[in-house]
Amino acid sequence: MALALGGYFSSNSNVFTSSLITVQSWFSSRFVALQDFLTSPRDIASLRQRNSELEADVSELQAQVIQLQQEVRETQILAELLDFSRANTENAYRAAAVIGRDPSPFLQYVIINRGSNDGIQRGMPVVTNQGLVGRVDAVIADAARVQLITDPASNVNVHLQNAEVDASLVGSVTGDVTLDLIPQDVPLEEGDLVLTSGLGGGYPPDLIIGQVVNPRKRDFDLFQQATVQPVVDFNRLQIVLVIVNFKPVDFSPLIPLP
Amino acid sequence: MRNLIAIPVILLAVILQSSIVSNIAVLKGFADLPLVMLAAWALQDEVETAWHWAVAMGVLVGFVSGLSWFAPLMSYLLVVALAQLLQRRVWQAPLLAMFSITFLGTLGLSVFTLVELRFMVISLPVADVFGLLTLPGILLNMLLAIPVYAVMRDLARWVYPTLEVE
């Protein structure tokens with residue numbers, strides 16, 4: 001021991017220890033390789049599991065983002081409708097969401113989620129902050145069917161603001177709305193504003209419908225016609241307002257039976 | 001009891017038609033999911049309640065729609081009649097029968113609707129109706145026919161389980 005501590009065996013011990021270290025390094029490197037081999041599949045599995053969890057979280061968050069964007073959009077629409085109802089205090093409104101359309105492509109109706117339980121009655125006009133949409137055609141307890149002004153059976157008495165003349169607005173199977181019964185001597189111009197006239201008692205007066213875009217005047221016709229560009233986008237109706245304090249006039253008892 | 005499956009399926013068909021299918025339009029026409037589902041259901045060998053489905057669907061669609069029950073009910077009855085007719089003749093090619101019934105049923109629905117609207121004193125230009133509503137409707141119904149047929153076949157096998165013949 002004394003000799004070894006004194007350095008007399010240093011050359012021999014160096015050879016011995018270096019051999020030991022080499023052997024230990026060889027075993028250690030093989031063990032690490034084996035350990036990696038045995039543990040890495042478990043890590044991949046756990047990583048895959050974690051990855052799938054994170055992907056699920058991302059999907060959930062994306063769904064939340066879409067839902068929130070939808071809510072923001074609905075809130076914006078509601079805010080615009082609220083501004084409209086505050087600006088038009090002569091009418092009482094009930095907001096309703098559009099939840100469906102007519103199953104038949106021949107007709108232009110929408111279904112709203114308010115019915116007789118909310119005070120909705122047949123014949124009540126339906127508007128948005130932009131203009132006239134249509135009127136309630138049928139009502140059940142919690143839903144109602146609204147006939148749009150683009151429906152082929154729709155007929156609205158209108159007033160042309162600039163021309164100072166009354167006319168009739170009819171829908172069509174294509175969804176276009178056309179002005180009819182305009183006297184031939186009336187100067188009709190593009191851009192003329194079309195409003196409800198209130199005649200006939202079906203709609204309140206002065207609701208905006210749209211603008212004249214294509215006047216047609218032919219000498220052999222009794223009346224002029226014109227296409228109207230509605231201010232309401234009927235393909236993107238989401239929330240509408242029902243005018244609940246308007247009572248349509250029922251003329252049917254006054255019409256003589258044949 | 002197994003016939004009660006008609007209630008949720010028919011309700012679901014009309015709800016989907018009103019809320020989703022009617023918003024997916026080509027030109028101005030869109031598919032008629034209840035009609036295609038009824039055609040697929042009536043073509044299944046095990047099914048004996050297709051007439052009941054036609055009446056229930058016709059009345060329900062008539063209730064939801066601005067049309068009366070006449071046009072949907074008559075066209076759905078036509079679909080079942082065609083299905084029972086073709087089932088015996090082209091039984092080896094059910095998809096061919098499905099396409100034929102879908103085509104003729106959609107045409108029938110358009111004709112019945114035009115007749116009904118004419119009685120309501122609503123005159124529509126036939127050329128516009130055919131070009132903008134009927135033809136796109138036929139195309140979309142044809143596209144729906146294959147997946148709907150597969151779903152209704154599975155539904156029929158689930159409702160009317162039979163021994164498989166190897």
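Start in S12(A) by picking Ile243(A), the bridge partner of Tyr93(A). Before moving on, note that this is a predicted model, where local features need pLDDT of at least 70, side-chain atom pairs count only at pLDDT 80 or more, and totals for chains, interfaces and linings use all residues. Residues are numbered from 1 along each chain as its sequence is written, while chains are lettered from A and ligands numbered from 1 in the order in which they are written.

Now widen the selection to strand S1 (residues 93-101) of chain A together with S12(A): they pair in the antiparallel sense over five bridges. Helix and strand labels follow DSSP runs (H or I, at least four residues, for helices; E, at least two, for strands), numbered from the N terminus. Two strands pair if DSSP finds at least two bridges between them.

How many of the five residues of S12(A) are buried? Four are, so strand S12 (residues 239-243) of chain A is largely enclosed by the rest of the structure. Buried means that 20 or more other C-beta atoms, placed from the backbone, lie within 10 Å of the residue's own.

Stay in chain A and select S6, S7, S8, S11, S10 and S9, in that order: they make a closed barrel of six strands with antiparallel pairing. From one strand to the next, the twist averages 40°. For a close look, take strand S9 (residues 193-196) and strand S10 (residues 208-216) of chain A, antiparallel and joined by three bridges.

Next, hop to where the chains meet. Here 24 residues of chain B are in contact with 19 residues of chain A, contact meaning C-beta atoms, placed from the backbone, within 7 Å. On the chain B side, helix H1 (6-19), H3, helix H5 (94-119) and helix H6 (126-159) each give two or more residues. H6(B) gives the most, with five residues. Color that side by class and you get twelve nonpolar, ten polar and two charged residues. (Ala, Val, Leu, Ile, Met, Phe, Trp, Tyr, Cys and Pro count as nonpolar, Asp, Glu, Lys and Arg as charged, and the others, Gly among them, as polar.)

Now go into chain B and select helix H2 (residues 33-42). Ten of its ten residues are buried, so H2(B) is largely enclosed by the rest of the structure. The buried residues of H2(B) pack against H1, H3, H4, H5 and H6 of chain B.

Keep H2(B) and show H6(B): their axes come within 8 Å and cross at roughly 50°. (Axes are lines fitted to C-alpha atoms, for helices over the stretch in contact, and angles run from 0 to 180 degrees between N-to-C directions.) That makes H2(B) oblique to H6(B), oblique being whatever is left after under 35 degrees (roughly parallel), over 145 (roughly antiparallel) and 65 to 115 (roughly perpendicular). Residues making the contact include Trp41(B) of H2(B) and Tyr149(B) of H6(B).

Last stop: helix H3 (residues 50-64) and helix H4 (residues 70-89) of chain B, packed at an angle of about 160° with axes 8 Å apart. H3(B) and H4(B) are therefore roughly antiparallel to each other. Click through the contact residues, among them Trp51(B) of H3(B) and Tyr76(B) of H4(B). By class, this contact has 14 nonpolar, two polar and no charged residues.

Conventions:
Two residues are in contact if their C-beta atoms, placed from the backbone, lie within 7 Å. A residue is buried if 20 or more other C-beta atoms lie within 10 Å of its own, exposed if 12 or fewer, and partly exposed in between; C-beta atoms are placed from the backbone.
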